[in-house]
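Thank you all for coming; I would like to take a few minutes to walk through one model with you. Please have the sequence and the structure open while I talk.

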Amino acid sequence: LTIITTLGSAAFLYSIVKLSYSFVVFISFALQFYVPVAFLWPWVSDKLFNRYKGRPCMIYLELCFRYFLVLVLCMISVIVPHLGHSTTKVWREKFS
């Protein structure tokens, strides 16, 4: 059981915990996503957006690239909603 399921949905504490949990996931995703974008963006900007180098619109292109990657990851998470449960089950069956 998790802390969210044991609190009950009517409690005020439940809302606070759920809101803070969502905030932590949001911030940690942004921090973890910084490194892949730092590696991918120079290559993408050289290959696709070379004609815009040195222009102010490069920041908007980088933001669009970040949004695109987030959308792709969200689509993958929607398509495979219980990846953690299935891999844990396979892991237990294989190594126990």
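This is a predicted model: local features need pLDDT of at least 70, side-chain atom pairs count only at pLDDT 80 or more; totals for chains, interfaces and linings use all residues.

Let me begin with a definition: rings of Phe, Tyr and Trp (its six-membered ring) pair if their centres lie within 6.5 Å, and planes under 30 degrees apart count as stacked, over 60 as edge-to-face and the rest as tilted. Residues are numbered from 1 along each chain as its sequence is written, and side-chain values use heavy atoms, with hydrogens and water left out.

First, the overall layout. The chain has four helices and zero strands, where helices (H or I, at least four residues) and strands (E, at least two) are DSSP runs, numbered from the N terminus. Read from the N terminus, the order of the elements is therefore α-α-α-α. Of the 96 residues of the chain, 14% count as buried, and here buried means under 20% relative accessible area, exposed means over 50%, and partly exposed is in between (1.4 Å probe, protein chains only). If we take contacts, meaning heavy atoms within 4.5 Å, between residues at least 6 apart in sequence, 39% of them join residues at least 24 apart.

Now to the aromatic residues. How many aromatic pairs does the rule give? The count comes to two. In one of them, the rings of Trp41 and Phe49 have centres 5.9 Å apart and planes at 35 degrees, so the pair is tilted. Trp41 counts as buried because its relative accessibility is 11%, and Phe49, at 19%, counts as buried too. The rings of Trp41 and Phe65 have their centres 5.5 Å apart and their planes at 40 degrees, so this pair is tilted. Why does the pair of Trp41 and Phe65 tie together parts that are apart in sequence? Trp41 lies in helix α2 and Phe65 in helix α3, so the parts that the pair ties together are 24 residues apart in sequence. Both Trp41 and Phe65 are buried, and Trp41, Phe49 and Phe65 form one aromatic cluster.

Let me turn to charged side chains. The structure holds two salt bridges, a salt bridge being a side-chain nitrogen of Lys or Arg within 4 Å of a carboxyl oxygen of Asp or Glu. One joins the side chains of Asp46 and Lys53, at 2.9 Å from N to O; Asp46 is partly exposed, with a relative accessible area of 44%, and Lys53 is partly exposed at 42%. In the other, Glu62 meets Arg66, with the closest N and O atoms 3.2 Å apart. Because Glu62 and Arg66 are four residues apart in helix α3, about one helical turn separates them. Is Glu62 buried or exposed? Glu62 counts as buried, since its relative accessibility is 19%, whereas Arg66 is partly exposed, with a relative accessible area of 22%.

Pro42 is placed in helix α2 and is partly exposed, at 40% relative accessibility. The C-alpha atoms of Pro42 and Glu62 are separated by 9.8 Å, although the two residues are 20 apart along the chain.

Finally, the pocket. On a 1 Å grid over the protein atoms alone, a pocket is an open set of points where a 1.4 Å probe fits, with protein on both sides within 12 Å along at least five of seven lines, and lining residues have an atom within 4 Å of a point. The largest pocket has a volume of about 210 Å³, where grid points are joined across faces, edges and corners, and the volume is the space filled by probe spheres set on the points. Which residues line the largest pocket? They are Phe26, Phe29, Ala30, Phe33, Tyr34, Leu63, Arg66, Tyr67 and Val70. The elements giving two or more residues to this lining are α2 (12-48) and α3 (58-79), and α2 gives the most, with five residues. By class, the lining has eight nonpolar, no polar and one charged residues, with Ala, Val, Leu, Ile, Met, Phe, Trp, Tyr, Cys and Pro counted as nonpolar, Asp, Glu, Lys and Arg as charged, and the others, Gly among them, as polar. Arg66, one of the lining residues, is also the partner of Glu62 in the salt bridge.
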